[in-house]
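Trainee: I want to learn how to read packing and pairing in a fold. Can we go through one together?

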Amino acid sequence: MCNGQNGLNLHNLISITMLNISEIFNAAAVLKGVARKTAVIPAPALANDCELYLKTENLQLTGSFKLRGAYYKISQLSEEEKARGVIACSAGNHAQGVALGATHNGIKALICLPAGAPISKVEATKGYGAEVCLVPGVYDDAYAKAIELKEQHGYTFVHPFDDPLVIAGQGTIGLEILEQQPDLEAVVVPIGGGGLISGVAFAIKTLRPDVKVYGVQAAGAPSMERSIHEKQKVHLDSVQTIADGIAVKQPGDLTYELCEKYVDEIVTVNDDETAAAILALMERQKLVSEGAGAVSVAAVMFNKLPIKGKKVVCIVSGGNIDVNTLNRVVTRGLSKSGRNYSFIIDLFDKPGQLSGVLNVVAEQGGNVISVTHERINASAEINGCAIRLELETRDNNHIAQIRNALIERGFHVAN
């Protein structure tokens, strides 16, 4: 196991050059036969006021769009650079993209991962042929270690987003969307560090400047949204979101410039909205998405964007969600969408009270998942009690219907 140490400023390690559309077309040619041309599928059940389609990058090889940029960057290295190998730091998707890209090009890859990264992601990275260095701490520690090892061994560092070749690789998604939906009017893209939206926005705005490009960040990690609003790069002290793939404290130098120039608007969604989108994608589209991949859909579902009546493509950027996380996310999604509801009813402790409550719930079509009976504490009415009901419901309107019916029958709903 490796130990994290302080690293160098990444800005000094990257050549920041402006993109050219020919670079993105070249990336598309290189990626042909390597990356899947993922489908764009209709999703009418997810939006009522626009014509919605999904670009299914969650079905990409490695389960994420990250393969595109990583592979293209690695493919453009000199023979000398390839001989020295590549290094990257990542908590998941980028690691797998670099690992597969390096293996396909016959070169060594070393990936620095935080020691607390999910075992599934660590094993997947190894499975694609990379050597893994587990670094105690968080992503920043893994990044510092990667820079240290780069300097020691001469590896080429493959940045997850702030590199023109990586951005060009991600921009191939924009080319595909324009080919697959030539009459589209808007594209909605998840944002972490900004590599994906920078490439997509540059490609689309260069070829079709009339198409709107909207970005979506997690409310708990709004580094690009705040940076654009404040007209300077913002570094967040902390980030907290279930969309761990876009939990980035600071945008890149190049990605900030490109977003400022080519992105029309950036909005945020909270964790409950993201969870509801993950659940909706599973139930209505039979697609598994990670939190980062679902934020674009969440923005549409919860009316965060001016897209009424438009033909819209949401990029579902990845599907690598940990099974344990998925269980928690589904629970939150059920609650947010009104599919699951828990409430307490204060009762007199006498026969027939519980039966009366359950009859009302049954009449209104609610399904009881659990019932908990609690004696009231010493400070309450001496003959009082309470029951906690957990119900399976259709939506928030159904919840209100059940609550109102209980109140009309004389029951006191405490919450």
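Mentor: We will take helix pairs, then sheets, then aromatic rings.

Mentor: This is a predicted model: local features need pLDDT of at least 70, side-chain atom pairs count only at pLDDT 80 or more, and totals for chains, interfaces and linings use all residues. Residues are numbered from 1 along each chain as its sequence is written, and side-chain values use heavy atoms, with hydrogens and water left out.

Trainee: How do I read a helix pair? At what angle do H4 and H5 pack?

Mentor: Two packed helices are described by the angle between their axes and the distance between the axes. Axes are lines fitted to C-alpha atoms, for helices over the stretch in contact, and angles run from 0 to 180 degrees between N-to-C directions. Helices (H or I, at least four residues) and strands (E, at least two) are DSSP runs, numbered from the N terminus. Here H4 (residues 93-104) and H5 (residues 119-127) pack at about 15°, axes 8 Å apart. That makes H4 roughly parallel to H5. The cut-offs: under 35 degrees is roughly parallel, over 145 roughly antiparallel, 65 to 115 roughly perpendicular, and the rest oblique.

Trainee: Which residues of H4 and H5 meet?

Mentor: Ala95, Gln96 and Ala99 in H4 meet Lys121, Ala124 and Thr125 in H5. Contact means heavy atoms within 4.5 Å. By class, the residues of this contact are three nonpolar, two polar and one charged. Ala, Val, Leu, Ile, Met, Phe, Trp, Tyr, Cys and Pro count as nonpolar, Asp, Glu, Lys and Arg as charged, and the others, Gly among them, as polar.

Trainee: What about H9 and H10: at what angle do they pack?

Mentor: H9 (residues 223-230) and H10 (residues 253-262) pack at about 60°, with axes 10 Å apart. That makes H9 oblique to H10. Met224, Ser227 and Ile228 in H9 meet Thr255, Tyr256, Cys259 and Glu260 in H10. That contact has four nonpolar, two polar and one charged residues.

Trainee: Now sheets. What is the strand order in the open sheet of four strands?

Mentor: The order is S5-S4-S3-S6, with parallel pairing. Two strands pair if DSSP finds at least two bridges between them. S5 (131-135) and S6 (156-157) are the edge strands, each pairing on one side only. Five bridges join S4 (residues 109-114) to S5. One reference point: Ile111 has Val132 in S5 as its bridge partner.

Trainee: And how is the pairing in the open sheet of six strands?

Mentor: Mixed, in the order S1-S2-S10-S7-S8-S9. Its edge strands are S1 (40-42) and S9 (265-269). The twist averages 25° from one strand to the next. S8 (residues 212-218) and S9 run parallel, joined by five bridges. Val216 has Val267 in S9 as its bridge partner. Helix H12 (residues 291-301) packs on this sheet, and its direction makes about 155° with that of S10.

Trainee: Where do I find an antiparallel pair?

Mentor: Look at S11 (residues 340-348) and S13 (residues 384-392), which nine bridges join. Ser342 has Glu390 in S13 as its bridge partner. S11 also pairs antiparallel with S14 (residues 412-413), over two bridges.

Trainee: Last, the rings. How many aromatic pairs are there?

Mentor: A pair of aromatic rings is described by the distance of the centres and the angle of the planes. Rings of Phe, Tyr and Trp (its six-membered ring) pair if their centres lie within 6.5 Å; planes under 30 degrees apart count as stacked, over 60 as edge-to-face and the rest as tilted. The count comes to three aromatic pairs. The centres of the Tyr143 and Phe157 rings are 6.0 Å apart and the planes lie at 80°, so the pair is edge-to-face. Tyr143 sits in helix H6 (residues 139-153) and Phe157 in strand S6, 14 residues apart.
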